[in-house]
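Please open the model in your viewer and colour it by confidence. The stops below are given in the order in which they may be selected.

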Amino acid sequence: IYHGSLLFSNAAASNAEGENVILEAKHMMYVDPISPAGTTVGLLPGHNPLTPVAIGVTAHHFLVLRQGQLQMLSSLSGDLVQEEALKISVDGQALALIRDPTRAAPWLVTTTSIFQVNAVEEDRHVWKLYLNRAVAAGDDALFESALSYSKTPAQKVEIMRARASASIQQGRLHLAAIYYAQSGLSFDEVALSLLHCLDFTSGNANSNSSINAEGVAPQYGNALLESNAAYFNAPNENDVLQTQPAYT
């Protein structure tokens, strides 16, 4: 499946210059069907059962229609999400996927029937897919996308902790402190996570590291203070009083 985003602005000029009007174009491989044997009985002679009859699209998935199966593939990961077997002897031979512009839903047309295809809560795992990509790439935009699709406090906590860890790996400790403050971790846990960033070799501090009297490198001490302030100032919908830090 060749897919991407269409560039509509100045499309004519782009074509005249020989430029591609598809942005972020990608290829997605088909997935072999997993339906039990016998569902393809009744195929036309010489027809390859793996050849798609039609391809449709929903908000987050591709629909691949074959003579014996209807598959739903994630447009983000390419993984097979669901597969429905079609019994040709009962349901008829698959002909096409037609999109209803009014209901924004696809219809499956066979030689004997018409089926409406409903994608129910198809975005419920999208946050996790964006999170996996964000962790792999360390991309703030992908973390924001993961947050926008998260639906529960537990999902938001997982995203903020992963984002804090990614920020630590990138050396952005002040951002890590802010993200940890929104992750539900206690201040002690946040402080320990930031302290682990110090460069220790076999339990001894690196000779090039500057450690103050309290055993904390100065550049990390500021992050710890910011983490403390962010932790106590982090809004909580169940809180009536907002506690301020006791020191600066």
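pLDDT is the predictor's confidence in each residue, from 0 to 100. This is a predicted model, in which local features need pLDDT of at least 70 and side-chain atom pairs count only at pLDDT 80 or more, while totals for chains, interfaces and linings use all residues. Residues are numbered from 1 along each chain as its sequence is written, and side-chain values use heavy atoms, with hydrogens and water left out.

Select residues 37-42: pLDDT stays under 50 here, and the model has 14 contacts (heavy atoms within 4.5 Å) beyond four places in sequence for this stretch. Residues 199-222 also stay under 50, with 23 such contacts. Over the chain, the mean pLDDT is 74, and 68% of residues reach 70 or more. Confidence is highest in helix H4 (residues 140-149), at a mean of 95, and lowest in strand E10 (residues 200-201), at 32. Helices (H or I, at least four residues) and strands (E, at least two) are DSSP runs, numbered from the N terminus.

Next, display the open sheet, whose four strands follow the antiparallel order E3-E4-E5-E6. E3 and strand E6 (80-85) are its edge strands, each pairing on one side only. Two strands pair if DSSP finds at least two bridges between them; strand E5 (residues 69-74) and E6 are joined by five. Select Leu73 to find Leu80 of E6 opposite.

Finally, centre on Thr58, in the loop between strand E3 (54-57) and strand E4 (61-65). Is Thr58 buried or exposed? Thr58 counts as buried because its relative accessibility is 16%; buried means under 20% relative accessible area, exposed over 50%, and partly exposed in between (1.4 Å probe, protein chains only). Not counting residues up to four places away in sequence, Thr58 touches Leu63 and Glu122.
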